[in-house]
Structures are given as structure tokens and as C-alpha cells.
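Visitor: Please pick a single part and take me through it closely, with the rules you use along the way.

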Amino acid sequence: MRVPFGWLQEFINPGISVEGTAHLLTMSGLEVEALETDGDDVVLVINVTPNRADCLSVLGIARELSVLTGAPLNLPFPPAGAKPPVIKPVPASEIAVEIRNTGLCRRYAGRVIKNTRTGPGPEWMARRLEACGLRPINNIVDVTNYVLLELGHPLHAFDLNTLKGGRIVVDTADNVYQKIKTLDGVERKLPAGALVIADAEGPVALAGIMGGANTEVEDSTRDIFLEAAWFEPRNIRKTARALGLASESSYRFERGADIEIIPAALDRAASLMEELAGGALEGAVDVYPVKYRAPSIEFRADRVNKLLGAEIEEDEMLRILNRLGFAAEKSPGGAISASPPSYRLDVEGEADCVEEVARIHGYDKIPSVLPCSRLSADGAGAREDFIRLVGGVMRKSGYSEAVNYSFMNPRALENLALPPNDFRRSAVVLLNPLKQEESLLRTTVIPSLIENLRHNRERGLKNIRLAETAKVFIRTNEEQLPLEPLKLAGIAIEQRTHSFWRDAAEDFYLAKGAVEALLDELRIKDRHFAPSGEPFLHPGKSADLIAGGRKCGYVGVLSPAAAEKFEIRDKEEITVFELDLDVLLGLLPPPPVYKPVPKFPYIERDLAIVVEGGVKAADVIRYIKNYPSEFIEDAVVFDLYTGEKVPAGKKSMAFNIRYRASGRTLTEDEIEVIHAGLVKDLLTHTGGSLRQ
Amino acid sequence: MGGGDIRESFLNELAPVKTIGDLEQLRVRYLGKKGILTAELKKLGGLPPEERRSAGALLNETKIFVEAELAARKEELKELDLREKFASQAIDVTLPGKYTPPGRTHPIIRVMREATSIFVAMGFSVEEGPEVELDYYNFEALNIPKEHPAREMQDTFYVSPDIVLRTHTSPVQVRVMQRKKPPVKFIAPGKVYRCDADISHTPMFHQIEGFMVADDISFSHLKAVLESFLHRIFSPDVPVRFRPSYFPFTEPSAEVDIGCIFCKGTGCRTCKGTGWIEILGAGMVHPHVLQMVGYDARIYSGFAFGIGMERIAMLKYSIDDIRLFFENDLRFLGQF
């Protein structure tokens, strides 16, 4: 809402500067977002919240300012309760008004003004309209807009002579009318439930939203039928939304207009028309079947103070409410009884009255006291602690935390070559995405991270490690909310040429190492890795994480085909992983149970074998650990060699095996026997030979 | 040879010794089984008693002297050896250490954790709710029926007519109240979505919802809790002000401003010259919201607030473009 300060001053002399006015309004709930210079005036740009329809006018702001400053209001019309001017009724032969739906239209009133000269409005009025963001059109339409801005009530002017049959019918369009051509020249299909104003032949206005083109006031117009009515807010909003059509008028009606100001608004407009367009007020009509009845709200002063944590005197509460136009008094039962004015449709109950008292009293005057409450040992909770732990472990492995939008490009699913039945194809689709590339919700975090990698590479960053913990969204069916599993995903690329300490490990093992570090930290021991079938990973350099007997994620090198589809042109390998954190959280073991540390020393043996290239280290380790000897405590692989010293297609792997007895010191002799047996059996099992 | 002569010749021989080996040979020469001093000491038995006494004392004194000198020189030579060894093993200690440079914390996650910790310290628990939410929880149960103008305050992404991307973390209020009896006291951090993207809006951002309902909770409690939070997350001397506002699910409602941390209240570009920066929305839970979940609004009251984390992070770290948070540029992330 834009309010020129000069216009405001016609209604009230606040006795303070425009800046002081802005501050007062802001601190009472009408946030002044800016002060804009407009010629020799200043426009207050006020953010009027949706509940305060009463402040969508110069009058409304002046009323509020009067409450805040105590300065009196100068009204351009007789005050409430004063005897209204007597205007002879319009003869029914000229205009007969019928409201067929009194639920949606509680009052319909009008004025007939004849012999006007339609033409450009005066300059001063045009400037004020423009300062408020409206376009001047002609003196008649400008007056309706001027009064809308001044008093807050929408008006509409019809060319009286284009209204057919001397009839005005207010009714919903259903089953009667199909469409209307509105003032903006657009022919619109009337949505179900839309309220229209019709004459004897058809719709002449979309009630409360926009007039019809067929009855528009033009330069040739001589006689005016000026309309002011009260329309039910939800109906107006529903129709306006269905048509995608919003106007200054619908904006006010859908927030709740003041039904009692209607005669004053009509008279104000009629007198301005007489003044600016000539013509004479010829008659009035006012059909008001559902009279306004203010709710009576009862509440106790001590309840207000309890809710606010304040000590405001009861008399002060009464004073505040009465200044705001309420009829407030002490009721016989010792409570306060308050009835809001007709322009405060937002006030419905006790809480609204509490707010009125608090905001005029001043939020700053309410003391600040920390609450007392029962202690709680809940803390952040296991899940929050777990997520923090995961982030910390990933950072230790060099992965910075990324945060991406939850959206996904439908093309990403193609780029990942996911088969039609893959669960990641079950994406939630947005009905109104901002752009096509953001029209799905993520079913996997990987595409976002690939995008991040590309962003960083294009800016010259060489070594990139990013990890994101986020929910993804898996659609189940249309009626139900999707699943929201929590994922941890990571991406990395290493360019080693400039790294000082060379590390010859394959990139795959760095990524897998990060995953293993996490699993170690979480003490999840029941786990292994098996070759992965993910279609977007390098088939020879990818593995699924199997933990607790089920697949919990994967780690691997992004396949060159997928990288290319994502327009990544780097020659270095890109590693990715994605884990189900919900599943891992469920696999967290109970607290450790201490086992005494070994009392007796171990004996070690190293063993290097040459095997076929396809033999897996994990299989060899498993064979050794499962070997029927109670003394084998542990076995690890410590070397891998392929090259000229072993035959082509073969590789050499070296293992360290640790033997220990729990109750005594083993002797070299007894281990010699066991170890020789193990070596022999292992070579048979793997088809390998000892490395010379 | 007398004690004095021995001492003199020993010192002469000791002077050029440079290695532990030479020193050992010298020791044997004087103190070994056939050493010079040992031989002289053996001779003492053949002397007359009156000479034996003084000559013996002199020789013993000489022996102690020689032993001490040898020990001292041995220490010196060992020290020298070690120094040479160290010198030959020296490396360039200015070369970088070998480690995996730790990843960095995203600034949004950083402030989310900090804020969460502050509220947890005040006794709030942490709750979570779905990001794809029923219209009912996001709007209806929060006193925002269909065709309510307040729906325009939040541009909404729709999945179906009844399912939306939550536009705020407030639906968690309703879900928790449906599950728990009062008193309740929790925060709900998470992602929220608005169908809006420009220089100061991103379609996804982060909020922390705060909620406390009991039989005696007042607006003054809300003020104190938020002031404590803002003083902890910014600084104890940052001014905080509450001004009336409107949210359909709170009444009275408030916007909370802090004194501009850039200009200290004198007015600058960030605060649009006002000296104040809007930082969060809050209010007393609307009785309709309580009634809809079966809480008796005549007995229970409470407050709710929603804090935009991007805003907090931008002010805390002087970040001038909200879009930076979602590019994940390592030159940006590396600063946190």
C-alpha cells in the first residue's frame, strides 16, 4: 500500500515528521518498507499484512495513526451515527436491484448520476493515483479509484444507458452464464461458483473483481450507475484465482471490506463526480439484506496479562480498544466485553483482542522473562547426533559438506542410464516447477554432486571432494506422501601432478577408504563389498556395500559414458558413493563389551602368492580367517604387484598372518606346521603358486 | 713414575683424542689390567709403609682424576657424534606435512548446528517432519484454509492439489502436537521450499522452527528465549526489537529485528538505512491451532518462531549473495 504523506495529512495532523510517522506505524504492525520522494511529497510504502484490510486506504492509515498519536481525524464524510444525507431512491423502473445469493453479497448499493461529461480527470487526482501505482483513465473511473484508495472501498461505475432492462441481478454464474468480456478486453470463461452482476440480458461485471466491457464508461457516457457492494471474501478470492485475475478491488474484497462505509463511499464518489464531471446525483439504491452484527468478545484482563506476561491495567486495555473503534466496556461479570468496528473483520476472538492491546501498548513494554520448565535429557537426539558424526568423519576424509537444492533434472535419470524399473525412476514430479531442469525431486544425490564438480572444475579447482547428507524422495503412489530416505553421497576427483606426497592408490580405493572410515567410526563390522551392477559406474571399478545382509549403497568410478552425458570432460577418474544413512543408523551396534587384551605374544608369517588376475583379495582373506586353526587371529593383505616379475594375466598378493593362542605362548615349531598346512591348502584353493 | 707425571702424560695423550674408540684405548692404557696406573698401584705394596701412605693417596687421587676426565670426554664425544648424526639426517622441515586436508563445514550447516546447540542447551528437543507435506499440515491445520489471502505470503510448490513442498517448518508443530501431550518444547530444523527465485530468494532454504506450549507460557517468555538466542548467535550486545506482524498461526504475532551488525544502527545498504534487520517471525500459538489438535486453548498457551538460517549465516559471515550457499564452490566452502 502506497500512501502519499500529503494525502494522509488531509485526514490527520500527526504532529510528527514523516520519518516519525513511519517509525510509529512500523512499531505498531504496519511496516513502512520505504519512504519514496514523489515530487514535493513523500510516499510511505507500507507492507499491510493480509489481516489488515482496514489499512488498505489513506483513511485506514490515518485511523491507525490517530490511535497511536491521539491526534483527531478529519473525515471527508459525516461521522458514524450522524444522520446521512437524504437522497431520493432510484425509481424501480430505472434500476431494480435483486440479490439472489445473500450469502455471497450482503449489501448492494448504488447511486445514479446523470448528465456527466466524461473526459480526462484533473491533474492533482491523476498525480495521486499515479503515486499510489494506479493509471488515470477518465474522470469517472479516476474518481472510483480515488475513493478506493482514500476510503478503501471498491466502487464500480457502469454506463447507465448500457444496462439492459433496468435490472441488476447479483447471482452466481452457475448454469446461467458461461462467459464475460471484462474491461481489459479479455473474454473469460466464468468459473464455477463465480459471482456476477447481470442486467436483464447477461453479465455486466465479475462481482468485486472487474467490470464488463459492455457497460464500460467511455467518453460518450452521460449517465452513470455507481456501484458499491459487499462480497464474501473467499468467493472473490476463489474466482480471482481461478481466472488468474487480480485487481485493486478483488485485493480488498478478498481481505474483507467494510460493509458499513458503503453509503459514505458512494456519496464521496458522487460528490467528486459532480464536482469534476458535472452531472447531478439523481437517486440512490441500497439493498442490505444481511445487516452487519459485530461479534461480542468476552475476556478477562488477567487472562490478557497472563498470555502477555505483562501487567497492563484493565482501564488501559479498555482505553486502547475504544480508541481502535471497538465498543469495549466492563461486563457485569467482571470481564471485558468488546465489539470490533465493522472494518475489523479480522477480529474474531480473545487472541485478536490480546494482540490489539499488546501492539498499541507496545511490544517493547512487555518484559522479557525466561520461562521455567521441566528439565529434559532429550538433547539433540540420536539421529541429529548421528548426522553430525557422519559429517565429521567425511570432513576428516577430506570431503567438504555440500548443500544442494532437492530438485533434479529429468534428464539426469537418462544420463545415469537407470532401467525403467529402477526405484530412482519413481521421482516426485512438481506441478509448478520454476524450470524444467528442476521439475523432479531428487531420488539420488549424485546428479547434484556431479553438477557441483563441474562447477568447481570449470573454475580451475583440481582436487575436489564433496559430500552431502540429504533426504531423497521416492514416490510410492499419488495419494500418499513419498518416502524420504536419508542419504550420504560423495564425489571426488584427484589431480596428482602437483601433489607433493605422491600417493599411488587408485582413486577407487580413496573413495572406498572414506566409506570404510565411516563404517569403522560407526563400528559396523558386519559388512563387505561386492562388485556393483550400478549402470552409471565403471563395471570393473565399483562395489556395492553389503551391511547387515543387505545392500546399503555403492562406491565406484563414474562410468565414462555417464560422465560424458553430464558433460564432464575430465580425463581423471571421478569417484562417487551413495549410502543409505537410515539403514546404517539401524545397524549401529550396542555399546562395546570389553574383552581382555591378549596376554601372550603373537607369531607373524608373511606369505606372497602369485594367482590369476581375477582372484579377489577378500576371498583369500576369508579363506585364511576361516582356516580350521584356532590360532589364526588375523590376516591382512599388504602388497599387490603386477608387472614383469610375474607372468602376464597374473598378480602377486602378499598377506600378513598373525597367530596367537589365548592361554599360552606359541612356539615357532608348532606354527611352522600349521602355517605350512595353510600355505599348501591355500595354493590348492586359489590355484596359485608361492612367489619366488 | 709418580702421580704428577702420570697426570701430565695422561692429559697430553687425552688432548688429541677425537673418537670414542681412541678414548677407550687410552682408558685401557692407563686403567686396564696392564695399564700404567694399575701397574703403579700394584707397586705400592713394595714400598716402605711410611712412603706407601703418601704415594698411595697421590695415585688414588690421580686415578679418580683420570676416570673423571675420561668420563667427561666420553660425554663430549658422544654429544659430538650425535650432533653429526643429526646434521647428516636433517630434512627440510618447511615441506608440508602429509595429511588429508580436512573437508569444510558448509556455512548453513554450521549455523544450523550452532543454533540447534543453543536451543538444546535451553532444554529444547529436536524434531523432524517430512519435506513433502500434506496441504493440511502446511496450511489448513495452521489456520490457513484454502482461499485464505495469507496463502499468497508463501509461493507454494505443488505435487498434487493436496500435497505440497512444505513452505515452512511449522507443520512439524502440528505433527508433534498430534503425537505428544503438553507440555512440549522442541525445535525443528530443516529445508523449506518457496516457488520463488531471484537475487535474494532461492527456491529452497533452511529454517529452524521453535515451539513451546505449557500451561503458563507467555509472550514475555518468547521475547526472552529469542533474545537469549540472538545474543548467543550474534553477540551479547546486539539490540533486539519486536514489532507487531501477522501470521495466521500465531496471535499476537511479531517480526523480530536486530540492530544492523554492519553499521551498528546508523543506517547502511544492508539495513536499507533503517538501522534494523528483520531476522525472524514469531508469536503466540493461535488458539485455533491448539484446538485443532485437541489441546485445550483455555489451559495451554505457547509460542512459536521460525528462523531463516540463510539470513543468519549471511549476517554472521558477511555473505552478500544467498545463491552462493547452493553453488558449493570450494573457494567459498573453504572459508568456513
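Guide: Happy to! Contact here means heavy atoms within 4.5 Å. By that rule, and leaving aside neighbours within four places in sequence, A:D171 is in contact with A:R100, A:N101, A:A194, A:L195 and A:V196.

Before going on, note that this is a predicted model, where local features need pLDDT of at least 70 and side-chain atom pairs count only at pLDDT 80 or more, while totals for chains, interfaces and linings use all residues. Residues are numbered from 1 along each chain as written, chains are lettered from A in the order written, and side-chain values use heavy atoms, without hydrogens and water.

A:D171 sits in strand β7 of chain A, residues 167-172 (strands are DSSP runs of E, at least two residues; helices are runs of H or I, at least four; both are numbered from the N terminus). A:D171 is buried, that is, under 20% relative accessible area with a 1.4 Å probe, protein chains only. Yet A:D171 has no salt bridge, meaning a side-chain nitrogen of Lys or Arg within 4 Å of a carboxyl oxygen of Asp or Glu. Its nearest side chain of opposite charge, A:R100, is 4.0 Å away. The side chain of A:D171 does make a polar contact with that of A:T172, at 3.4 Å (N or O atoms within 3.5 Å, one able to donate a hydrogen and the other to accept it; for residues adjacent in sequence, both must be side-chain atoms).

For salt bridges elsewhere, turn to the interface: chain B and chain A have 4 between them. A:E401 forms one with B:R113, with closest N and O atoms 3.2 Å apart. On the side of chain B that touches chain A, helix α8 (residues 219-233) gives the most, with 8 residues. In total, 92 residues of chain B are in contact with 90 of chain A.

Note on methods:
Buried < 20%, exposed > 50% of the residue type's maximum accessible area, 1.4 Å probe, protein only. Lys, Arg positive; Asp, Glu negative; His and termini not counted.
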